[in-house]
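Please look over the model below with its charged side chains in mind. The numbered points that follow take the salt bridges one at a time.

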Amino acid sequence: MKKQFATIACILLAACGLTACMDDHDEPNTDGYLITSPVSLGEVNYSIAQLKQDKASLFTQTQSFEEIKEDKILEGVIAANDCGGNLYQTLLLRQIDGESDQAIILKVKTTWLTPYFPLGQRIKVNLKGLYVGNYSKVPTIGQPYFTSSGNLRLGAMLLGKCATNVELVGQPNPACPECQPIERTPEWLRATANRTYLNFPQLVTVTGTLAEADGTATYAPEELQDAGYAVDRTITNATNNTKVTLRTSTDSPIAFEVMPQEECRFTGILTYYSEWQVQLRTLDDVKPVNEQN
């Protein structure tokens, strides 16, 4: 009987040990360069601005992409990641160089990018062997994949490519200029000339109220989701008669939050489809205007 009791006790202790490990939520071993290159990629010889200039014909099309076959090494800072669960396999890479301020989407196929690519982390990317082009009209770096419908699209690079083509540089600095959003006024948003791939993606702040907010409505209820598993809300600025779509994933923690009714400043990734669209990084990207004073 004592032997049986001891056996049961051992099993319970082991179970408790396993539970404790799971509850600790251990951080990934980023020091081991598990998904990025452990060696230098070499000297930077390219820029996001040059890439957009050289591949302008790609970025003005829809769902177009091509492989880069030369060692083109660019550098930038992570200005947006999946820290709030609203961006999936998506990083915003931004480079400020003199008067040039350009950004591009970097897609990496893994479930959680933030521990490896925190905001303010500088990285190098060797484009050789990667693909550049448009994903839903947005300038993107990644790899092609087949959709469930059998269509070839530009998507996230596999971890094998990330481990050979992406290098971390220094320590993250979330206070760096690249992590500071650009204020986009209603006048700028209305100007047709600004609706070009050279002006998106960008980290921006826009001001307005949510048209659908009524005190109980949430950002992205599942019953309203579209084929992309997201919900579009409308940021309006009645004074200047402008509208910007706020797009939120129904899988994001943001989805279940009640939308504010007061005028707010919304920060996120700005892109252009049939109209301007913003995607928040986290709920902290929504600030009531009266808190700014």
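1. Start with Glu 178. This residue is buried, at 6% relative accessible area (buried means under 20%, exposed over 50%, partly exposed in between, with a 1.4 Å probe and protein chains only). Its salt-bridge partner is Arg 122, with the closest N and O atoms 3.6 Å apart. Arg 122 is partly exposed, at 30%. A salt bridge here is a side-chain nitrogen of Lys or Arg within 4 Å of a carboxyl oxygen of Asp or Glu.

2. A note on the source. This is a predicted model, where local features need pLDDT of at least 70, side-chain atom pairs count only at pLDDT 80 or more, and totals for chains, interfaces and linings use all residues. Residues are numbered from 1 along each chain as its sequence is written, and side-chain values use heavy atoms, leaving out hydrogens and water.

3. Next, Arg 265 and Glu 183. They form a salt bridge, and their closest N and O atoms lie 3.1 Å apart. The two sit 82 residues apart and link distant parts of the chain: Arg 265 is in strand 14 (residues 264–272), Glu 183 in strand 10. Strands are DSSP runs (E, at least two residues), numbered from the N terminus. Arg 265 is partly exposed, at 24%. Glu 183 is also partly exposed, at 40%.

4. Then check Asp 285 and Arg 281. Their side chains meet in a salt bridge at 2.8 Å, N to O. Both residues are buried. Elsewhere, salt bridges with shared partners join Glu 75, Arg 122 and Glu 178 into one network.

5. For the overall count, the structure holds 8 salt bridges.

Technical notes. Helix = DSSP H or I, 4+ residues; strand = E, 2+ residues; numbered from the N terminus.
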